[in-house]
Amino acid sequence: MGVPPGANVILAGHSLGGMVAQNLPVLPELGYNQRWKTVRVITFGSPIMNQLRLPDSITRRFAVWGDPVVTQASYWAAKIGFKSMFFPPDISGWSRKPIWIDGGPGFLDPIGLHLAYPNSFDLKGYDALGDQPGSQVLQLDAAHERQWATDFSQSTANERPWVVRGGVATSKQLQAGTAKHRGVPDPPGLYGFSVQYQPGKTIQELAAAGKFRNPQISVTTDAALVAAGVAAGYAVSIVKSPGAGYHHTVQVPLPLPLDLAVALSAVFTQEENPARFLGP
Amino acid sequence: MAVRLYVDFNTMAMDPKARVSINPHMQPVLTQELHPGLVVTLYDEEMEVEAVVEFDEHDHTWLGQPNWSMRRDLPLPGNNDARSA
């Protein structure tokens, strides 16, 4: 990450990035606090997470008026079982409410409001620590971010560290596939679900190596999986393990908790199996 | 009628004999009916296949050895036509 050990760090993120930022300092299993000192956690359009463990003094949560991710995500997440990671707004207390800002003109639909942060004039009144009045203007360089994202997408489309599974990676399927890895001595053992993973390999190469018989495959990246785990409040890692092809195991708790299964399932996308195996 | 068990077919990759793991947490009642040699139907969201149940004494795990000639694609949601093997 290029940040020297012991450095003061401002964690800032938008949406899912803000969820990760809220979890990094409060989950000891991630080892983050052993390496860096968090002076601020600044989120833009992120649901509230771990706020009872994250001190108010270091937290700044910005929310555009009407952004549904801030106002409704906790409610719906609690509905589907994310109780361990979210606190519904009605118990979060006034001091834990976000700093409401205006998204600027032209953003009326829910998605537009969630993406309005770089254009918010209100944000220009805050400094890099998220304080007002501030000595330094906090400004998001969205144009630069988009350019970088485009370049990254074009230059590394075939080189991303893909993670591929056969079938549709529903939360139910991930739960069904989570088990103790056979053939790995216990202790320490190995617990998780199977994937095909090898940085540098294409999706087609990974699908062929897995000899998947399903009509579809599910695809994500290693970074997306780990980030989804962190956002859900769990340490998730991908380790090489005995098996066919480029077999790896995504290490998760056993049995796989529903909230984590839902979070991990959400980062997979489905596409036609380019190398469907129909042999005996 | 054969016992139907929801599985993750990706578990085949970690078995030298390409057997499918049967997770007892998913169907605890059905798992109680298992015995070696029982013919069951393993399925996921997209396909199903007949399999013969085996028990791994070393890992204390129920497994299914699929008969892939008996695989059948399941209809997609909203599609009544099953895609055959």
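**A sheet in chain B**

Author: Strand E1 of chain B runs parallel to strand E3 (residues 39-43) of chain B, and four bridges join the two. The model is predicted: local features need pLDDT of at least 70, side-chain atom pairs count only at pLDDT 80 or more, and totals for chains, interfaces and linings use all residues. Residues are numbered from 1 along each chain as its sequence is written, while chains are lettered from A and ligands numbered from 1 in the order in which they are written. Strands (E, at least two residues) and helices (H or I, at least four) are DSSP runs, numbered from the N terminus. Two strands pair if DSSP finds at least two bridges between them.

Across from Tyr6(B) stands Tyr43(B), in E3(B). The open sheet here has five strands of chain B in the order E1-E3-E4-E5-E2, with mixed pairing. Its edges are strand E1 (3-6) and strand E2 (20-22) of chain B, each pairing on one side only. From one strand to the next, the twist averages 45°. Such angles run from 0 to 180 degrees between N-to-C directions, and the axes are lines fitted to C-alpha atoms, for helices over the stretch in contact.

Strand E5 (residues 61-73) of chain B includes Met70(B). Beyond its neighbours within four places in sequence, Met70(B) is in contact with Val49(B) and Glu50(B), contact being C-beta atoms, placed from the backbone, within 7 Å. Glu50(B) is 20 residues away along the chain, yet its C-alpha atom is 5.8 Å from that of Met70(B).

Now for chain A. This chain has nine helices and 11 strands. Of its 280 residues, 40% are buried. Among contacts between residues at least 6 apart in sequence, 69% join residues at least 24 apart.

Four strands of chain A form an open sheet in the order E1-E2-E3-E4, and the pairing is parallel. Strand E1 (8-14) and strand E4 (99-101) of chain A are the edge strands, each pairing on one side only. The twist there averages 20° from one strand to the next. Three bridges join strand E3 (residues 59-64) of chain A to E4(A), where Ile101(A) is the bridge partner of Val64(A). Helix H1 (residues 16-23) of chain A lies across E1 and strand E2 (37-44) of chain A, at about 145° to E1(A).

Key:
Buried ≥ 20, exposed ≤ 12 C-beta atoms within 10 Å, placed from the backbone. Contact = placed C-beta atoms within 7 Å.
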